[in-house]
Amino acid sequence: MPLAQTQTSVPVVVDDDLCIADKGCTVCVDVCPLDVLRIKDMAEGPKSKTAFMQYDECWYCMPCEADCPTGAVTVNIPYLLK
Amino acid sequence: MDEILDGISQIDCDVLVIGGGTAGPMAALKAKRKNPEANVVLLDKANVKRSGAIAMGMDGLNNTIIPGHATPEQYTKEITIANDGIVDQAPIYRYAQGCYEIIQELDSFGIRFQKDQNGEYDVKKVHHIGTYVLPMPNGDTVKKALYRQLRKARINISNRYMATRLLTGEGRIAGAICVNTRTAEFLVVRAKAVVMCLGAAGRLGLPTSGYMYGTYENPTNTGEGYSMAYHAGADLANLECYQINPLIKDYNGPACAYVAGPMGGYTANAEGERFIECDYWSGQMMQEFYDELQSGKGPVYLKLNHLAEETVAEIERVLHIVERPTRGHFHKNRGTDYRKQMIEMHISEIGFCSGHSASGVFVDENARTSVQGLYAAGDMANVPHNYMLGAFTNGAFAGLDAVDFIKDVDFAKFDHGDVEAERNRVLAPTKRDDGIPPNQIEFKTRRLVNDYLQPPKVTAKMETAQRRFAEVRDDMQNAMYVQNAHELMRSLEASTIMDCAEMAASASLYRTESRWGLYHNRVEYEKDDENWFCHTLLKKGENGLPESRKQDVKPYIVEIEDDEKDAYDKQRVQPTEAAE
């Protein structure tokens, strides 16, 4: 069976201006129990890298927000149960 | 990251602890401290810093037995009655005797518990009979405090490795086969003893929100312990005694009667009236909750809006900081305020979890399973209602016994063909060009769980579930397709969820009576003490399918009087004469 791409809005939002992934920080990626966050390269802007939510598989549990050293991460309630 | 790499390596250790949430760290610490020469490895699918049911902390100890407040005899009696009598009391009694020492140890780790003006533990009454609930106002520090201890004790920690099958040989445990969740590389761990602390089967039913990860339990806890124990030939006990909990609707986090109850909050119907005597979670209480939801008096609510401002502020402070801190965000989005209105509640999806019910891998008072050298503790081991303190205490018992067991044994020899067969099973979805992704296999399995296995349980529906599960299993084995290592982890979880779903159906069909209130409400059968006052043990049969048998309840250590046996059956508030 062929696969389709289905869009989904994700609950974890990263403020690229505050994120220090370009300095080598991976704290949010490291602590996530579901392992849904990743670091990506930025095509433009002053930062070369930022964290983002790659997989919409979130328990809205908050270690990523609580442990982020710069307060760049916000955990929202997933839309389906908001 | 997530690219699938081809690789396999092997390590040896004395004690392998699988799962770094609550029970696991304590098992590893106790084993290492008792024998500092022992090589103890702690393995986790996530990161031990923030893994398991208590990733963000916990708001209290729900089952302390503190001298002056409760006795081990009283607690053993309470849990026996709450479980309709189907318990082996030895593990409960040993827990009740040992947990006070663990509380003091946790205190020494820097985890603070609520104390009164005299410096005594401030224990609250929530259960039907005794007083056991000890609040933890700074319960958000639990995981950090544990992690410090693990580093200090020099425990070897392996994060992001998921165990997929146990290895056995010479009639005992030999180790485990593991897969890296970010590279798909294999790790074979040879171990003289294995302690399983893999949590609940919490991703079994589908939450009513439809969001697959919006479960009551941490959705990383997919029941891998149940599945691995099953494939290793261990006995699993009373799986038909599901976990079903009263929760904040949609948010699916606990309403926390244990926090709010002692401060005057309670569960109410749409008229704002109490309908249950006691907010402690039991199958009988859940049956009343379910009945109220189905009646014209539903929905059911958490009622706090009659309380004073300072009381509500204190409840909010605790509930919005520890355990599930996004709860504050949820209420803000909805515009709901404990001060202004009651908060709608609902019942959770089904799961297996001895933390709150009694469905788990069968263990004795030393946390030994029926496979020699294999231990289980925490939510996945069948010490009923054992909660977080039970995970710590029984984890300690497991670690202490495992480190004694390894003294006299060498590594058991296992068949290397088992490793090869497991590699082929795990990697099969990576060898196809297209197919069905794991999230669809999982969704369908869990949707069928909701349609056919949720209580009230009906024979024909559960038999339909078995037929439909077989179809989905066939798709899973022959057509599942993954594109990277992350999806491979999800495919392995889908397989675990399927195993648990099949066990849930099989165990529920076997016990032809109703018991434990809603947890095993089989509408065609009454409670039947004559034929079913026993455990049911399920294991993998010769034909590869679940096989159940009865096992006697061991003679009680603490006797239960006839007039005490039905204390938990009297949950519904009776109107007083004055009210009438």
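Predicted model: local features only at pLDDT ≥ 70, side-chain atom pairs only at ≥ 80, totals over all residues.
Over all chains, the count comes to 50 salt bridges by the rule used here, a salt bridge being a side-chain nitrogen of Lys or Arg within 4 Å of a carboxyl oxygen of Asp or Glu. Residues are numbered from 1 along each chain as its sequence is written, chains are lettered from A and ligands numbered from 1 in the order in which they are written, and side-chain values use heavy atoms, with hydrogens and water left out.

One of those salt bridges joins B:Arg572 to B:Glu288, with the closest N and O atoms 2.6 Å apart. Because B:Arg572 lies in the segment after β17 (546-552) of chain B and B:Glu288 in helix α7 of chain B, the pair ties together parts that are 284 residues apart in sequence; helices (H or I, at least four residues) and strands (E, at least two) are DSSP runs, numbered from the N terminus.

In chain B, 4 strands form an open antiparallel sheet in the order β10-β13-β12-β11, where two strands pair if DSSP finds at least two bridges between them. Its edge strands are β10 (246-248) and β11 (266-269) of chain B, each pairing on one side only, and neighbouring strands are turned by 45° against each other on average, direction ignored. Within this sheet, β12 (residues 300-303) and β13 (residues 343-347) of chain B run antiparallel and are joined by 3 bridges, with B:Tyr301 standing opposite B:Glu344 in β13(B). Helix α7 (residues 283-294) of chain B touches β10, β11, β12 and β13 of chain B, and its direction makes about 115° with that of β13(B); contact means heavy atoms within 4.5 Å, and axes are lines fitted to C-alpha atoms, for helices over the stretch in contact, with angles running from 0 to 180 degrees between N-to-C directions.

Chain B also has an open antiparallel sheet of 4 strands in the order β14-β9-β16-β17, with β14 (360-361) and β17 of chain B as its edge strands. Here β9 (residues 236-237) and β16 (residues 534-540) of chain B pair in the antiparallel sense over 2 bridges, and the bridge partner of B:Ala237 in β16(B) is B:Leu537. Helix α14(B) lies across β9, β16 and β17 of chain B, running at about 45° to β17(B).

How many residues of chain B are in contact with chain A? The contact involves 43 residues of chain B and 32 residues of chain A. The area buried between the two chains is about 3200 Å², of which carbon and sulfur atoms give 57%, buried area being the accessible area (1.4 Å probe) that two parts lose on being put together, summed over both. In chain B, B:Arg50, B:Tyr211 and B:His486 lose the most area to chain A, together 19% of what that side buries.

Between chain B and chain A the count is 6 salt bridges, including B:Lys144 with A:Asp67, whose closest N and O atoms are 3.6 Å apart. The elements that give two or more residues to the side of chain B touching chain A are α9 (327-334) and α14 (485-510) of chain B, and α9(B) gives the most, with 4 residues.
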